[in-house]
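Thanks for making time this morning; I would like to walk you through one model, going from its sheets to its charged side chains. Please have the sequence and the structure open while I talk.

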Amino acid sequence: MAKKGKKYLEALKLVDRSKAYAIDEAIELVKKTDFAKFDATVEVAFRLGVDPKKADQQIRGAVVLPNGTGKTQRVLVFAKGEKAKEAEAAGADYVGDAEYINKINQGWFDFDVVVATPDMMGEVGKLGRTLGPKGLMPNPKTGTVTFDVEKAVKEIKAGKVEYRLDKAGIIHVPIGKVSFENEKLQENFATIFDTVLKAKPAAAKGTFMKNVSITSTMGPGIKVDPSTVAVKA
């Protein structure tokens, strides 16, 4: 097990590991236990009662956080003609086709999200082995394979985040920065919590939300009591 630093251990003393905190308390504690010298990211982790090995229990999607993430996403759009112009007008950082496919094959990755029109996927699909492992492959489930490139780009720039179940049955999602007001972090948390809750697969049995915790980039995890989160009907 990796040895924890002195600052981490000091922060850990502020957390009752046997307790699940109300969401407002948990966010306050995330700020108190953050010792990074930069504006750390606040992340939520959901441990779900699903079997990630089964296709009918996969969970993946995207949602726009009401207060954004605090990070400016660099968007690459694969499109041609009018759709390329539409993407540029919407604020995409890079727009093109073959030239960007060649750049990626040569090791270029100065972007955070990839959007592609459906007619481009025949070519973009060839980048699967390169983009897939980095979680950058466009996917209809997350709204990144679409002809409505204007909407896709604007949502990403506004704070759209993707969520995906990993092999351990956990979903990790950033919900903002430590510098955010508590209320804004709480609103973002409630949005992703509600979204994941409603994404429960019909095949999932038993307790769905097994464990919920939030943490800052370098701080300790803090358990959240799901019953304290206000969700939409």
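This is a predicted model: local features need pLDDT of at least 70, side-chain atom pairs count only at pLDDT 80 or more; totals for chains, interfaces and linings use all residues.

**Strands, sheets and charges**

Let me begin with lysine 210, which lies in strand β8, residues 209–216, where a strand is a DSSP run of E with at least two residues, and a helix a run of H or I with at least four, both numbered from the N terminus. Residues are numbered from 1 along each chain as its sequence is written, and side-chain values use heavy atoms, with hydrogens and water left out.

Strand β8 belongs to an open sheet of four strands, ordered β7-β1-β8-β9 with antiparallel pairing, and two strands count as paired if DSSP finds at least two bridges between them. The edges are taken by β7 (170–177) and β9 (222–223), each of which has a single partner strand, so one side of each lacks a neighbour in the sheet. Between β8 and strand β1, residues 41–48, there are seven bridges, and in one of these pairings valine 44 has isoleucine 214 of β8 as its bridge partner.

Now to strand β3, residues 75–78: is it covered on its faces, or left open? Both faces are covered, with Val75 and Val77 on one side and Leu76 and Phe78 on the other, all of them buried; buried here means under 20% relative accessible area, exposed over 50%, and partly exposed in between, with a 1.4 Å probe and protein chains only. The bridge partner of phenylalanine 78 in β5 is alanine 116, whereas valine 77 has valine 95 as its partner in β4.

Turning to charges, a search of the whole structure finds ten salt bridges, each defined as a side-chain nitrogen of Lys or Arg within 4 Å of a carboxyl oxygen of Asp or Glu. One of them joins glutamate 82 to lysine 85, with the closest N and O atoms 3.5 Å apart; both residues are exposed, and both lie in helix α3 (residues 81–90), three residues apart, about one turn of the helix. Glutamate 150 and lysine 154 also form a salt bridge, at 3.0 Å between the closest N and O atoms, and they lie four residues apart in helix α7 (residues 149–158).
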